[in-house]
Amino acid sequence: MKMACDLASENIDCGGGPFGTVIVRAGEVIAAAGSSVTLDKDPTAHATVNAIRLACGVTRDFRLERCVVYCSCEPCSMCLSALYWAGVSRVYYGNTAADAERINFGGNDIYKEIGKPCLERSIPCIHIEGTTAIDSFDKWIAKTKIEY
């Protein structure tokens, strides 16, 4: 946890945000990253997503099973989703979502939006029927594939 917190502080000095994430497997650090949203001009470049990308590159796998994650702050909805998709075994965090909210790094509004019906969200999500979108799913079903 200290490494994640130190990384968050160092990241500020490098022009990034106050967030750090460290991913450990079998007692070995396999990835560590800070937030680079403003540096990379990428809204998905949160510390946890950056660390997941690095760890997957190191392990050459999109699954991070048996990995433990240390975050300087409670993961936002995007990062939490990514951690679930990656299949990590445990997440430890320092600052809470309420702490992040206090310094204007809110994300609670997104949790509220996700629970709303698609058309009632602040960014309406509209289903278009009758497209060929299903064709790729049918193709996927017919193909030998790697299970998620």
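**Notebook: aromatic pairs, core and cysteines**

I began with Tyr 70, which is partly exposed at a relative accessible area of 24%. The model is a predicted one, and I read it as such.

**Aromatic pairs**

I searched the whole structure for aromatic pairs and got two. I then checked where the two rings sit. Phe 19 lies in the loop between helix H1 (2–13) and strand S1 (20–25). Phe 105 lies in the loop between helix H5 (97–102) and helix H6 (108–114). The pair thus links distant parts of the chain, 86 residues apart. I looked up the accessibility of each partner. Phe 19 is buried, at 18% relative accessible area. Phe 105 is partly exposed, at 41%.

Next I took Tyr 70 and Tyr 92, which form a stacked pair. I noted 5.2 Å centre to centre and 15 degrees between the planes. Tyr 70 belongs to strand S3 and Tyr 92 to strand S4 (residues 90–95). The two are 22 residues apart, and this pair also links distant parts of the chain. Tyr 92 is partly exposed at 35% relative accessibility, and Tyr 70, as noted, is partly exposed at 24%.

**Nonpolar core**

I turned to the largest nonpolar core, which has 15 residues. Among those with the most contacts inside it are Ile 23, Ile 52, Leu 64, Cys 67 and Val 88. Strand S2 (28–34), helix H3 (47–59), strand S3 (67–73) and helix H4 (77–86) each give two or more residues to this core. H3 supplies the largest share, four residues.

Leaving out residues up to four places away in sequence, I listed its contacts as Ile 23, Val 24, Arg 25, Ile 30, Val 88, Ser 89 and Arg 90.

**Cysteines**

How many disulfides are there? I counted zero. I wanted the reason for Cys 56. Its sulfur has its closest cysteine sulfur in Cys 67, 8.4 Å away, so the two are too far apart for a bond. Cys 56 is buried, with 19% relative accessible area.

The nearest cysteine sulfur is that of Cys 79, at 3.7 Å. A disulfide needs sulfur atoms within 2.5 Å, and Cys 76 is in none. Cys 76 is partly exposed, at 22% relative accessibility.

Terms used:
Residues are numbered from 1 along each chain as its sequence is written. This is a predicted model: local features need pLDDT of at least 70, side-chain atom pairs count only at pLDDT 80 or more; totals for chains, interfaces and linings use all residues. Side-chain values use heavy atoms; hydrogens and water are left out. A nonpolar core is a set of buried Ala, Val, Leu, Ile, Met, Phe, Trp, Tyr and Cys residues joined through side-chain atoms within 4.5 Å. Buried means under 20% relative accessible area, exposed over 50%, partly exposed in between (1.4 Å probe, protein chains only). Contact means heavy atoms within 4.5 Å. Rings of Phe, Tyr and Trp (its six-membered ring) pair if their centres lie within 6.5 Å; planes under 30 degrees apart count as stacked, over 60 as edge-to-face and the rest as tilted.
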